[in-house]
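Me: I have a structure open and would like to talk it through. Could you go over it with me?

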Amino acid sequence: CEVGDIGPGGGVVFYVLDSSVKSRWHYLEASPDGWNDGEADPEILWCSKPKVFVKSVMTGNTPAKSITSGLIGLGVKNTQAIVGSCAQSAASISKAYRGGGYSDWSLPSKEELKLMFENKALIGGFSEGVYWSSTEVAANYAGALSFINGSQVFTLKCCPNFVRPIRSF
C-alpha cells in the first residue's frame, strides 16, 4: 500500500511505516468520509465522566501523569485504556466502528492525528473544527488538533470535539 490507497477497512491509508522497522503493523488507515452512518464526523465529549484520569501513574494518592501516549502506533492502546475508564467517550465511538468488518478501530494518538491532518486532502470529509486525540494531558484535558490550521491544542474533556477513527494493519 501507499499513502492515498484504500485500506482493507475501506478507509484511506495515511501513513506507511518505514520498512526497516520491525512491527506487527505497517500502515495506518483513516475511516472514510461518511463512516458515521453516512453523516459527518460526530462531535462528542472526550469522556462523559468529569475529571476522569485514565490509568494514571500514582504518586501516593495523587495521580502523577497519564500513561496514554502521543506516539505513532499507540492510539489503539490509548483507546483500550480510555474505554476501560470511561465507557461513553470519543474512544468508545471509535472502537465501536466496524468498517470493513474489522473491530480494531481506535481514536488516534496526537501524533497519528497530526499525520491525518497532513493528509486530510487525500482522506477527505473532515469538518472544520477541532478533532480529539487519545492522548490525555490531565484529569480535565486531552490533546486535540485544529483541522482549520493544524495547531495541536490541549482542550477540556467536557467540550465536544470531532472524532475520526483509525486502524493499523
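Predicted model: local features only at pLDDT ≥ 70, side-chain atom pairs only at ≥ 80, totals over all residues.

Me: In what order do the elements run from the N terminus?

Reply: Along the protein chain the order is β-β-β-β-β-α-α-α-α-β-β-β-β-β. The radius of gyration is 15 Å, close to the 15 Å given by the globule rule for 169 residues, so the protein chain is as compact as a globular protein of that length.

Me: And the box that the C-alpha atoms fill, roughly what are its dimensions?

Reply: Taken along the principal axes, the box is roughly 50 × 35 × 30 Å.

Me: What share of the residues is buried? And what about the surface?

Reply: Of the 169 residues, 45% count as buried. The accessible surface of the protein chain is about 8200 Å², and carbon and sulfur atoms account for 53% of that surface.

Me: Among contacts between residues at least 6 apart in sequence, what percentage joins residues at least 24 apart?

Reply: That share is 62% in the protein chain.

Me: How far apart are the mean positions of the positive and negative charges?

Reply: They are 12 Å apart, with 15 positive and 15 negative charges in the protein chain.

Me: Changing topic: how many aromatic pairs are there in the whole structure?

Reply: The search finds 9 aromatic pairs. One of them is formed by Tyr97 and Trp105, with an edge-to-face arrangement, 4.9 Å centre to centre and 65 degrees between the planes.

Me: Are Tyr97 and Trp105 buried or exposed?

Reply: Tyr97 counts as buried because its relative accessibility is 13%, under the 20% cut-off. Trp105 is also buried, at 2% relative accessibility.

Me: Which residues do ring pairs link into a cluster?

Reply: The cluster consists of Phe117, Phe126, Tyr131, Phe147 and Phe162.

Me: Back to Trp105: what about Ser94, which touches it?

Reply: Ser94 belongs to helix α2, residues 90-96, and is buried, at 0% relative accessibility. Besides Trp105, and not counting residues up to four places away in sequence, Ser94 touches Ser106, Leu107, Val163 and Pro165.

Me: How far is Ser94 from Arg164, in sequence and in space?

Reply: Ser94 and Arg164 are 70 residues apart in sequence, while their C-alpha atoms are 7.0 Å apart in space.

Me: Where is Cys86, and is it buried or exposed?

Reply: Cys86 is placed in the loop between α1 (75-85) and α2. The residue is buried, as its relative accessible area is 0%.

Me: What is Cys86 in contact with, beyond its neighbours within four places in sequence?

Reply: Cys86 is in contact with Cys47, Ser48 and Lys49. The C-alpha atoms of Cys86 and Lys49 are separated by 6.7 Å, although these residues are 37 apart along the chain.

Me: Next, Asn161: which element holds it, and what are its contacts?

Reply: Asn161 sits in strand β9, residues 161-162, and is buried, with a relative accessible area of 9%. Leaving aside neighbours within four places in sequence, its contacts are Pro42, Glu43, Ile44, Val130, Trp132 and Thr155.

Conventions: Residues numbered from 1 in each chain as written. Heavy atoms only, no water. Helix = DSSP H or I, 4+ residues; strand = E, 2+ residues; numbered from the N terminus. Rg over C-alpha atoms; globule rule 2.2 N^0.38 Å. Buried < 20%, exposed > 50% of the residue type's maximum accessible area, 1.4 Å probe, protein only. Contact = heavy atoms within 4.5 Å. Areas by Shrake-Rupley, 256 points an atom, 1.4 Å probe, with all protein chains shown as cover. Lys, Arg positive; Asp, Glu negative; His and termini not counted. Charge placed at Lys NZ, Arg CZ, Asp CG, Glu CD. Phe/Tyr/Trp six-rings, centres within 6.5 Å; stacked < 30°, edge-to-face > 60°.
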